[in-house]
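Please read them with the structure open.

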Amino acid sequence: MNEFDADAPAPHPGLFPVPAAGERVTVMLAAFEGWNDAGEAASDALRYLRRAFGAQRVGSIDADDFYDFQFTRPTVRQTGSGRRRIKWPTTKVSTARVEGHPVDLVFVQGTEPSYRWRAFTDELVEYLDDLEVDYLIVLGALLADVPHSRPIPVTATSENDEVRERLNLEASQYEGPTGIVGVFADAADHHGTPTVSVWAAVPHYVAQAPSPKAQLAILHRIEELLQIPLDTNELAEDAEAWERGVNELATEDPEVAAYIHQLEEAKDTADLPEASGESIAREFERYLKRRGKDNPPAGG
C-alpha cells in the first residue's frame, strides 16, 4: 500500500489556492451566444449557474453601440399580464455570493457583438476592475467530429503561467479566426487577470440547441475549477434523454448510424493506452530494471 503524502496535490486542484480565513475570491464567468456557442451549450451553462446561485443584475452594456439589429434582431415577448414587450439584445452583468464557500461570482452573458469589439472588451475590462475580479473563466462550445454517445470532450487552456502550473494546463496552440470569447480572454490576460478558457466539443451532426450533454460537461469542469458542488441531477436526466433521442434518430438513417459508429471507433481507439515509441521505451527500461534485480550480475 502506498503511504499517504500530505503534501501531494489534490486530484482536481481548484483555480485558486484556499483563501485565508475571512478572505474571499471573485471569479468572473463569461459566455456569448453566436459563433462561440455551438448548441448554446456555454450560454445555457452560464444561465444554469445564474439561476442556481440567485445572481442579481448589477450592470449591462448598451446594445445600440455594438449590435447590428438586422443581424441580431430584437424579439417580441409577452409579459405575465399579456402585454407585448420588445426584448433587445444586450450583455448583462450579474453577481452572486456563494454561501458556505469563500467565492463571489460575476456573470457576463450576452450575444457576440456585431462591431467595435475593442471598445466592447474595454467596457468588460472595466468591470474586471470595478468588481475587483481575481480570475476570469470564459466559456465556449465548438462543433467537432465527436460521437454523441461518448463523454463530451472539454478542453481548458490558460496563458497564465501560475494557473497552468496549478491546474496542469497548457497554453492554447490554436491559430485562426476567433470570436468575442477569445478577444475578451486576450484583453483580460493583458490586463493582468488570470484567465482560463473552457471549451466543449459538440457533435456537429446534432448542432441545434439545446445540447444538455455538452452543457453538463462544461458544468462539471466548472465544479472542478471553483471547487463548488453543483446539483446537476435534473440536467443529467436531460442529457440521458437527449442521447436516447439521438440514438433513435440515428437508427432511422443507416448512413448516419454508420458514420457515428466510425466516430465511436476513432474515439475508443484514441482513448486506449498510448503505444508510442516513448511509452514503449519507458516500459522496456522498467523491464530491464526488474530483470537486473531478479538476475544480479555474476560476482555481484
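1. Contact here means heavy atoms within 4.5 Å. By that criterion, helix 1 meets helix 5: Ala-41, Ala-42, Asp-44, Ala-45, Tyr-48 and Leu-49 on the helix 1 side face Ala-214, Gln-215, Ile-218, Leu-219 and Ile-222 on the helix 5 side. Please keep in mind throughout that this is a predicted model.

2. On the geometry of that helix pair, the axes of helix 1 (residues 41–52) and helix 5 come within 8 Å, with a crossing angle of roughly 55°. Angles from 65 to 115 degrees would count as roughly perpendicular and those under 35 degrees as roughly parallel, so helix 1 and helix 5 are oblique to each other. Their crossing is right-handed.

3. For the overall picture, the protein chain contains eight helices and nine strands. Of its 300 residues, 40% are buried. Taking contacts between residues at least 6 apart in sequence, 77% join residues at least 24 apart.

4. How many aromatic pairs does a search of the whole structure find? The search finds five. One of them is Phe-66 with Phe-120, an edge-to-face pair with 5.3 Å from centre to centre and 80° between the planes. Phe-66 sits in the loop between strand 2 (56–61) and strand 3 (75–78), while Phe-120 belongs to helix 2 (residues 117–130), so the pair ties together parts of the chain that are 54 residues apart in sequence.

5. Tyr-205 and Tyr-259 form another edge-to-face aromatic pair. Their ring centres are 6.2 Å apart and the planes make an angle of 85°. This pair also links distant parts of the chain: Tyr-205 is in the loop between strand 9 (195–203) and helix 5 (212–226), and Tyr-259 is in helix 7 (residues 254–270), 54 residues apart. Tyr-205 is partly exposed, with a relative accessible area of 21%.

6. Asn-160 occupies the loop between strand 8 (154–158) and helix 3 (161–167). A polar atom of the Asn-160 side chain lies 3.1 Å from the backbone nitrogen of Glu-162. Leaving out residues up to four places away in sequence, Asn-160 touches Asp-189 and Pro-194.

7. Which residues does Thr-193 contact, apart from neighbours within four places in sequence? They are Leu-128, Val-133, Asp-134, Tyr-135, Leu-136 and Ala-188. Thr-193 itself lies in the loop between helix 4 (180–191) and strand 9. Its relative accessibility is 5%, and Thr-193 therefore counts as buried.

8. Gly-34 is placed in the loop between strand 1 (25–33) and helix 1. Gly-34 is partly exposed, with a relative accessible area of 47%. Gly-34 and Glu-112 are 78 residues apart in sequence, yet their C-alpha atoms are 5.8 Å apart in space.

Notes:
Residues numbered from 1 in each chain as written. Predicted model: local features only at pLDDT ≥ 70, side-chain atom pairs only at ≥ 80, totals over all residues. Heavy atoms only, no water. Phe/Tyr/Trp six-rings, centres within 6.5 Å; stacked < 30°, edge-to-face > 60°. Helix = DSSP H or I, 4+ residues; strand = E, 2+ residues; numbered from the N terminus. Buried < 20%, exposed > 50% of the residue type's maximum accessible area, 1.4 Å probe, protein only. Polar contact = N/O pair within 3.5 Å; in protein donor to acceptor, adjacent residues only side chain to side chain. Axes fitted to C-alpha atoms, helices over the stretch in contact; angles between N-to-C directions. Parallel < 35°, antiparallel > 145°, perpendicular 65-115°, else oblique. Left-handed = near helix turned anticlockwise from the far one by under 90°.
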